[in-house]
Amino acid sequence: SSGINAEYGEIIDSQKRTIQESGGLTFNQTKELNNTVARLEESVQMLKLERDEARNNSEKEKKERVQDQKRIHALMEEIARYESDKMVLEDQVDELSQCAKKLREFEELVNLKESEWERFVRMVGSAENDVGWMTRYMLSNTEHKMVPGYMMFHQLYYYRAWELNNSPMMRAIVTALFDYMEQNEDNYEYLAYGLGCSGFLLYMMQKVTKGDMEAIIEVESFEKVGSSSRQSTGPKSAINLRGGIHGLSDFMELMNTIVGKLYGSTLKAVTKKIDSALERCILMETFNTRVTSSKDKSFGLTPAESAAMSELLGLFTAVVNVFQQHMLHFTLAQKFFSDLFLYIDASITNGVLLRQQFCSDAFGRMMVNRLEYLERWVEESGDVWASNASDKLIHAKQVATVLTLKDKAVLVEEKQRNKVCPDITVHQLRQLLAMFTPDEYGKRVPINVINAIAAPKGGPQKAVTPGISSGASSDFKILLDKQPTRMFPISLLHYLEVVD
């Protein structure tokens, strides 16, 4: 402001000197001078306004600086509080870290004495409802493989349940297994899964309690399969599960019953599928029509028969795969296939004995062709799981031999019968020969030949295979028994040892 006043002051002084030198002002000069003075006054006024405005801005800036300083101070105090809280939290984290370290050290000490299975069963607990629920859940999915069997065994082993007079865990496990059987009585895959799990449990319990591994398991007969599952086949006709399982003997008896029922149910479920295939590829009602209408005497498979035979052999392979998947012992599989082929042997033999249309030379040759398919499967695919199963087809083979024998009169001699058909009884042989229908150029068996076939001189003919039951009436029995062999030892159930 002072600088501007000095500048305009010089301009006024310059104007004054000009006036003095000129000796006076003219009108125009006076006017110009007045204008200049007016502009100067206006400029001075504006400068004063700018000065006042600058002074006001300066005061506003001071106030803002004061407010900024207050905010900075408040932030510094808040930061200080955060720092304090941070230190407290760090102390708490350090304390928790020490606790976690001690907990890990404790768990490591526990893990030295407790396996994964023991931790699992400890988490499940010993309450009947919890054990029953977990058992049912594990059994509900076949992808669990043998896990339910392991779980049930470790559950009992961890709590030493067999030492209790009335164990709720044992009752829960047995009840769950009975329920499982009732729900899956027609599904051989699920039944085999249950057989693997319950068989492993029975096997391991017999091991750890030092029981007899050659103790016999009674197999459920086909007539009883599907009946009241809680009926025991042992000395006790029925065990009331609601009343509890009193001690190890009750539990082992029930497990013996369960395993026997599962084995019989699995076998029956498979044989139901076999019956249909046999009727379409061997015991065909339309066989005679085919023989008279076809020039093919090789009896090869037609497309429909080939599909049925593939279905039958595919079923055998599927059973082997199921046994392998569920870790069933191969010796148990061998027994299973022996029973299966005994059933097939009895079905074919009985079918021929009951139908005159099958008692012919042509049908005998066809039987030989079809039985070769079964034997080839055992050799090429059955491997160790079905070894020697084809040996169970002895009756069907001998029936085919009798039907294709050219001179049937030789069977009058006991020596020849022992060579050609040693396992066929006299009454079965007479039945075959009486119903035999010769081909176009053949002859029926004379009645005197049939009458001449008598029982061995040493007494009534005895059955030599499981297909015919022994006893006083066995010599007069014509049809073979389709029932599975009645028993097998616990040692066949599994190949795992206690250490496994």
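These notebook entries record what I looked up in a predicted model of one protein chain.

**Entry 1: ground rules.** I noted that this is a predicted model, in which local features need pLDDT of at least 70 and side-chain atom pairs count only at pLDDT 80 or more, while totals for chains, interfaces and linings use all residues. Residues are numbered from 1 along each chain as its sequence is written, and side-chain values use heavy atoms, with hydrogens and water left out.

**Entry 2: the whole chain.** I found 16 helices and two strands; helices (H or I, at least four residues) and strands (E, at least two) are DSSP runs, numbered from the N terminus. Of the 500 residues, 41% count as buried, meaning under 20% relative accessible area with a 1.4 Å probe, protein chains only.

**Entry 3: α8 against α11.** I recalled that two packed helices are described by the angle between their axes and the distance between the axes. Helix α8 (residues 247–281) packs on helix α11 (residues 330–354) at about 40 degrees, with the axes 10 Å apart. Here axes are lines fitted to C-alpha atoms over the stretch in contact, and angles run from 0 to 180 degrees between N-to-C directions. The two helices are therefore oblique to each other; angles under 35 degrees count as roughly parallel, over 145 as roughly antiparallel, 65 to 115 as roughly perpendicular and the rest as oblique. I then listed residues in contact (heavy atoms within 4.5 Å): those of α8 include Tyr263 and Leu267, and those of α11 include Phe336 and Tyr343.

**Entry 4: α8 against α10.** I next examined helix α10 (residues 303–325), which packs with α8 at an angle of about 155 degrees, the axes being 8 Å apart. α8 and α10 are therefore roughly antiparallel. Among the contacting residues are Ile274 and Leu278 of α8, and Leu312 and Phe316 of α10. By class, this contact has 11 nonpolar, no polar and four charged residues. Ala, Val, Leu, Ile, Met, Phe, Trp, Tyr, Cys and Pro count as nonpolar, Asp, Glu, Lys and Arg as charged, and the others, Gly among them, as polar.

**Entry 5: α10 by itself.** I checked the length of α10: at 1.5 Å a residue its 23 residues should span 33 Å, and the end C-alpha atoms are 32 Å apart, which agrees. The expected span is 1.5 Å times one less than the number of residues. The buried residues of α10 include Leu312, Phe316 and Val319. After α10 comes Met327, with a positive phi near 60 degrees.

**Entry 6: α3.** In helix α3 (residues 116–124), I found Arg119, Val121 and Val124 buried. Just after α3, Gly125 has a positive phi of about 90 degrees.

Conventions
Buried < 20%, exposed > 50% of the residue type's maximum accessible area, 1.4 Å probe, protein only.
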